[in-house]
Amino acid sequence: MRTDVLKLKEDGRFNGVHLTPEELELLQHLHEFKSIHARNVHKYYEITSNGRRKGNMVTNRLAKLVASGILFQVNDKEPKREIFRPVNYAYRLGVRGIEVLANRGVFSHDDIESKKKYSYLVNIPTLHNMAINSLFMEVYRLMWERGESFALLNVRSNRGENHELIDSISKGRELQPIIPDWIYETEQRIICLEVDSGSQTLGTIENKIARYNLLANKSSKPITVFFSVGLLNGADGESRSRDRRVASIKETLKESIEWADGLEIIATPSNRAPKILHKLISRQSAIGRLQMKNKANQWIMHANKNSPAEFTFSISQNDLVSQKLTIEDQYDLDLLAEIRSPENMKIGVLLFMEEGSLFSYQRARANVKRIVTRIYETTNASLKTSLFLIYENAEAAANDVVALNPKCEIIISSLDEVKAPTREDGVYRPLATKVATPFTRSEGNIL
């Protein structure tokens with residue numbers, strides 16, 4: 001029997017109950033989210049029990065928490081009006097749940113009565129709010145599987161309007177207010193979540209990012225704006241439309257924009273959002289330009305080491321190409337490589353890419369233009385020059401939305417692929433995924 005439980009006796013109003021530390025944490029999340037859909041409450045129990053509690057076992061436990069006043073079940077009394085909205089129910093804090101959190105210092109005892117009154121106004125979460133909470137639960141799952149927690153990583157999770165920076169801006173008149181859907185704050189940065197359903201115009205998105213750019217100048221910490229595109233995290237049959245929406249968001253921002261120091265923008269389909277968001281939350285610092293160059297150099301070294309003798313990969317010594325393509329600005333390439341076989345040679349413009357990053361996309365787009373205008377249009381056409389987009393792993397390389405028009409050859413690779421470039425049949429092939437059209441890729445040889 002567990003000894004780390006909070007024991008509440010029957011008090012004439014409600015049944016007695018024992019609350020585990022995980023259930024006390026669930027109450028904290030309910031306080032932050034106001035209400036959580038039953039599907040996600042069940043998911044929480046499944047996660048925190050390592051899969052041992054699910055289905056009827058969780059349903060019965062929740063019924064006990066309702067009977068003890070800890071939770072209150074909110075039923076959907078409205079008719080089904082939305083084609084994707086199932087008949088559903090959710091949970092909010094019950095009267096006794098509010099009292100438990102006050103006794104634990106989550107808020108003042110003076111606030112108990114107002115919170116009880118307000119709780120009766122809490123309804124089933126909207127599809128938009130369900131998406132915010134579903135993403136939270138998937139990130140929570142990734143953390144739990146790794147023995148992490150918000151407390152261990154010193155991460156704060158809040159509604160956007162409850163964050164002190166957003167609150168101070170909203171009260172002042174210096175900037176037009178911007179309220180994220182949710183905020184995760186680490187020791188290193190503030191991550192502002194924007195769940196994008198596709199209903200806002202691109203002009204609205206552009207205006208929103210411009211306001212975040214101004215907000216970043218006021219913040220003492222770097223800010224990451226995280227667009228999760230699509231209301232559902234699972235495979236909902238809309239991956240193609242979500243990819244196109246992500247591409248539109250990325251394409252909206254031009255290279256001429258001057259970004260505030262520390263501002264980072266991520267746009268990704270919602271099915272990829274949990275992994276990328278978890279990476280942002282758990283990493284201690286952003287990858288800087290020197291690290292990007294180092295990653296590109298690792299790619300060259302591994303490719304050269306693991307390729308047959310007739311293939312060589314090296315840092316380019318071609319001064320003509322270097323002078324034309326090396327431009328010391330924020331979009332500058334990471335390294336120039338020379339890739340040779342007995343019959344062929346090509347120059348590789350290497351960029352280290354981060355999945356979802358708008359800055360990575362802008363660098364790729366700028367370097368396509370530079371290869372076309374500075375090499376193809378002004379130099380001997382026989383000088384083959386390709387853009388290599390290098391990712392940390394094959395999963396990121398396969399899933400990043402890079403909807404570039406291949407006016408030059410664009411090759412997508414990863415450190416994983418050059419570390420183990422031999423196929424199962426034992427035949428070596430320099431792995432090359434090429435951009436065929438903005439939304440299709442094809443396989444081919446590097447040379």
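Modeller: Two strands pair if DSSP finds at least two bridges between them, and a strand here is a DSSP run of type E with at least two residues, numbered from the N terminus. The model is predicted, with local features requiring pLDDT of at least 70 and side-chain atom pairs pLDDT 80 or more, while totals for chains, interfaces and linings use all residues. Residues are numbered from 1 along each chain as its sequence is written, and side-chain values use heavy atoms, leaving out hydrogens and water.

Colleague: What makes β3, β5 and β4 an open sheet, and in which sense do they pair?

Modeller: The three strands follow the order β3-β5-β4 with antiparallel pairing.

Colleague: Why are β3 and β4 described as standing at the edges?

Modeller: Each of β3 (36–37) and β4 (71–75) has a single partner strand, so one side of each lacks a neighbour in the sheet.

Colleague: What makes helix α4 another enclosed element, and what does it pack against?

Modeller: A helix is a DSSP run of type H or I with at least four residues, and α4 (residues 95–103) has seven of its nine residues buried, so the helix is largely enclosed by the rest of the structure. The buried residues are R96, G97, I98, E99, V100, L101 and A102, and they pack against β1 (6–8), α1 (21–33), β5 and α5 (112–119). Just after α4, G105 has a positive phi of about 80°.

Colleague: Which residues does Y184 touch?

Modeller: Contact means heavy atoms within 4.5 Å, and, leaving aside residues up to four places away in sequence, Y184 touches F136, F150, V155, R156, S157, R189, I190, I191, L277 and I281. Y184 also belongs to one aromatic cluster with F33, Y44, Y45, F136, Y140, W144, F150 and W182.

Colleague: How many aromatic pairs does the structure hold, and why is the pair of Y140 and F150 classed as it is?

Modeller: There are 14 aromatic pairs. Rings of Phe, Tyr and Trp (its six-membered ring) pair if their centres lie within 6.5 Å, with planes under 30 degrees apart counted as stacked, over 60 as edge-to-face and the rest as tilted. For Y140 and F150 the centres are 6.4 Å apart and the planes stand at 40°, so the pair is tilted. Y140 sits in helix α6, whereas F150 is in the loop between α6 and β6 (156–159), ten residues apart. With a relative accessible area of 5%, Y140 is buried, and F150 at 9% also counts as buried.

Colleague: What makes the pair of W299 and F388 a tie between separate parts of the chain?

Modeller: Their ring centres are 5.5 Å apart and their planes at 55°, so this pair is tilted. W299 lies in helix α11 (residues 289–306) and F388 in strand β14 (residues 385–391), so parts 89 residues apart in sequence are tied together. The relative accessible area is 0% for W299 and 0% for F388, so both fall under the 20% limit for buried.

Colleague: What is the basis for placing the charged end of K115 over the ring of F107?

Modeller: The rule asks for NZ of Lys or CZ of Arg within 6 Å of the ring centre and within 35 degrees of the ring normal. K115 sits 4.8 Å from the centre of the F107 ring, and R92 lies over the face of Y120 at 5.1 Å from the ring centre.

Notes:
Buried means under 20% relative accessible area, exposed over 50%, partly exposed in between (1.4 Å probe, protein chains only).
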